[in-house]
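I opened the notebook to record what I looked up in this structure, one topic at a time.

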Amino acid sequence: MATSVPTSSRRKTGRRSPLASVALLLIGLLATGGAYAAFTTSASASTPASEQAQVSEGKKLFEANCATCHGLGAVGTAGVAPSLVGVGPAAVDFQVGTGRMPMAASGPQAEQKPTQFTNTQIAALAAYVGSLAPGPAIPSADSLKGGNVSTGAELFRVNCAMCHNVAGAGGALTEGKYAPPLTGVTAKHVYEAMVTGPQNMPVFNNLNITPKDKAAIVAYLQYLDSHPSPGGLDLGNLGPVSEGLFVWIFALGAIVVVTIWLTAKPN
Amino acid sequence: MPVGTAVVLPDSEQIQNPGFPPYRPRVSDLDPKKARSNERRIALLFAASMVGSVFAIVAYIVFPINANDPGSIRLNNLFLGLGIALSLLGIGIAAVHWSKALMEGHDLSEERHMTRGSEATRASAAEVFHLGNKESGFTRRKLVRNTLIASLALWPLPGIIIFRDLGPADQDANDVLRHTMWKAGTRLTKDPNGVPIKASDVTLGSVFHVIPEGLDDREDALEQKAKAAVLLMRLKPEDLHVSKGRENWNYHGIVAYSKICTHVGCPVALYEQQTHHLLCPCHQSQFDITHEAEVIFGPAKRPLPQLPITVDSEGYLVARSDFHEPVGPSFWERDHT
Ligand code: FES
């Protein structure tokens, strides 16, 4: 009805003004091609000297530590490592910041391990890869705050829980790959994983899950971290696997012990 | 001459029933002091049971369930449970201990009864039936007997009708299973907020969880969602192996597949963006999205149905039609329309 007040935020045909679609179109254009043009043409002209220094520092680090696999200029090596042109600073910050890169050995999946670079070095590497072509940026600290926990929980259940488990405990994928547990992962890294889709994780760009909704998911994960299971022992939150094993061992064990006691001769 | 291979022992070598081993007196049989201490122990267990019962009641009052604090449920359950466990285990353990330590301890065996009754018992049972028949007139009064049988045959019918009514009343159930909410032109919208999706929103490697536009306005939204849920992915167009007749079902590498597993209907949504495999969490069926979701592992028998999609004049993704086959697990009438 034309007279009714819209109560939800959804876009519906017929309610949108023609200007809105123009605006949307503009935003879409700006976000893709426009940003690309703006970034590449003005990068060398307006970048302050300190940023230039950071980029060249990053380039040196990259050539020493990453180029063996990812190639000079980060163009990748077929069958070994993907091109990093356009993956953006967020991908570098995530992969190097969580210790997944550089990879210790090739395997089904790059494992998380202690970081091998200092924060300044990671920033330099990220700046260098970011200078090759535009890509997702490292989120600002502010954009990670203030998310709505219950919105986040709903979005998490729809988009993330099938792989990462509803309590963020992680889970198995195919052929040795797995979705890692999300407990204790920093807000920044969670956000970066969503925008860049590391390894086999799909990408959740800002049009799929808006930055505000991403902050909500972050808030939900932080809530899980700070609110341990109200039911007591959670057995790793792995559901029927760990719970079944527990019952199998302890309940059956107790029954066996009682049976032995019942039939033993008294002394 | 015996022909079989069975070994027949002469009578002298038949194994004799050795009987019970000699009774070994228990300490409580020999020493009255030990017997008394056992008695005390049993009484103590019964007393513990009493304590447990009282404790359960006290705990229930002392640790109330507070609606705003899930932790309070845990405390309440924990102590209530401990109390009840003590009260029952106390009785049980005491009873077993009593019988083992103090009650008469000699072994005894009980003979199995004959299963067939004696001739006299059998005759008197038959007599009872004849008498019943004579007194009630069950075989003589045919009308009464037949109406009794008919009424017994009819009484389960209300139950059957009620169960049948759990299914759709005014539609053919087969038809309901065969079709979903998707129609030509239905927009693909995001689960859960219903925001329509533009083709340009779906970047390479993305996955969107999709519901049909207008789902939440339906009274039967959950039933509809159970059939219409879709997973949207974008692959490089050259990675897709498209079979004949499906050329225009994807939009520049954007493909939509039913999220309902063809095995027993779990939501299949574990998408690996590099291998393009889709994994069902319930029984590990794997579907290869590059080959039109064909089954490459696991118990599922059929590929996930593909939803043909395109874009409308405003750039939003829309369905070209409903699925071309029923989604989800098999059902009896699936293959004959
Ligand atoms: S329901 Fe998907 S494999 Fe069984």
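The entries below go from chain A to the cores and then to chain B.

**Entry 1. Model and outline of chain A**

I noted at the start that this is a predicted model. I then read off the make-up of chain A, which has ten helices and two strands. Along the sequence the order is α-α-α-α-α-α-α-β-β-α-α-α. I looked up burial for the chain: 34% of the 267 residues of chain A count as buried. I also looked up contacts in chain A between residues at least 6 apart in sequence, and 58% of them join residues at least 24 apart.

**Entry 2. Helix α8 of chain A**

Is α8(A) enclosed or open to the outside? I found nine of its ten residues buried, so α8(A) is largely enclosed by the rest of the structure. I listed the buried ones as A:A187, A:H189, A:V190, A:Y191, A:E192, A:A193, A:M194, A:V195 and A:T196. The list includes A:H189 and A:E192. What do these buried residues pack against? They pack against α4 and α9 (211-226) of chain A.

**Entry 3. α4 against α8 in chain A**

I took the pair α4(A), residues 88-97, and α8(A) next. Their axes are 9 Å apart and the packing angle is about 125 degrees. I recorded their crossing as left-handed. On the α4(A) side the contact uses A:A90, A:A91, A:D93, A:F94 and A:G97. On the α8(A) side it uses A:K188, A:H189, A:E192, A:A193, A:V195 and A:T196. Sorted by class, the contact has five nonpolar, three polar and three charged residues.

**Entry 4. Nonpolar cores**

I looked up the largest nonpolar core and found 47 residues in it. Which members touch the most others? They are A:F156 and A:I217 from chain A, and B:M233, B:Y271, B:L278, B:F287 and B:I289 from chain B. The element that gives the most to this core is helix α8 (residues 187-196) of chain A, with six residues. Another core of 22 residues lies apart from it, and B:W182, B:L188, B:F208 and B:L215 are among its members.

**Entry 5. α2 against α3 in chain B**

I moved to helix α2 (residues 32-62) and helix α3 (residues 70-101) of chain B. Their axes are 7 Å apart, and they pack at an angle of about 160 degrees. Angles over 145 degrees count as roughly antiparallel, so that makes α2(B) roughly antiparallel to α3(B). The crossing of α2(B) and α3(B) is left-handed. By class, the residues in this contact are 18 nonpolar, nine polar and one charged.

**Entry 6. Cis peptide bonds**

I checked for cis peptide bonds and wrote down two entries. The bond from A:M101 to A:P102 is cis, with omega near -10 degrees. I placed A:P102 in the loop between α4 and α5 (119-132) of chain A. The bond from B:D191 to B:P192 is also cis, with omega near 5 degrees. I placed B:P192 in the loop between β1 (188-190) and β2 (207-212) of chain B.

**Entry 7. Positive phi at two histidines of chain B**

I looked up B:H252, which has a positive phi of about 45 degrees although it is not a glycine. B:H252 sits in the loop between β3 (230-234) and β4 (254-258) of chain B. Is B:H252 buried or exposed? Its relative accessibility is 52%, and exposed means over 50%, so B:H252 counts as exposed.

B:H276 is not a glycine either, and its phi is positive at about 60 degrees. Its loop runs between β5 (270-271) and β6 (277-279) of chain B. B:H276 has 12% relative accessibility and therefore counts as buried.

**Entry 8. B:V242**

I ended with B:V242, in the loop between β3 and β4 of chain B. B:V242 is partly exposed, at a relative accessible area of 39%. Which residues does B:V242 contact, leaving aside neighbours within four places in sequence? I found B:E247, B:N250 and B:E292. B:V242 and B:E292 are 50 residues apart along the chain, and their C-alpha atoms are separated by 7.0 Å.

Notes
Residues numbered from 1 in each chain as written. Chains lettered and ligands numbered in written order. Predicted model: local features only at pLDDT ≥ 70, side-chain atom pairs only at ≥ 80, totals over all residues. Heavy atoms only, no water. Core = buried A, V, L, I, M, F, W, Y, C linked by side-chain atoms within 4.5 Å. Buried < 20%, exposed > 50% of the residue type's maximum accessible area, 1.4 Å probe, protein only. Helix = DSSP H or I, 4+ residues; strand = E, 2+ residues; numbered from the N terminus. Axes fitted to C-alpha atoms, helices over the stretch in contact; angles between N-to-C directions. Left-handed = near helix turned anticlockwise from the far one by under 90°. Contact = heavy atoms within 4.5 Å. Nonpolar A, V, L, I, M, F, W, Y, C, P; charged D, E, K, R; others polar. Parallel < 35°, antiparallel > 145°, perpendicular 65-115°, else oblique.
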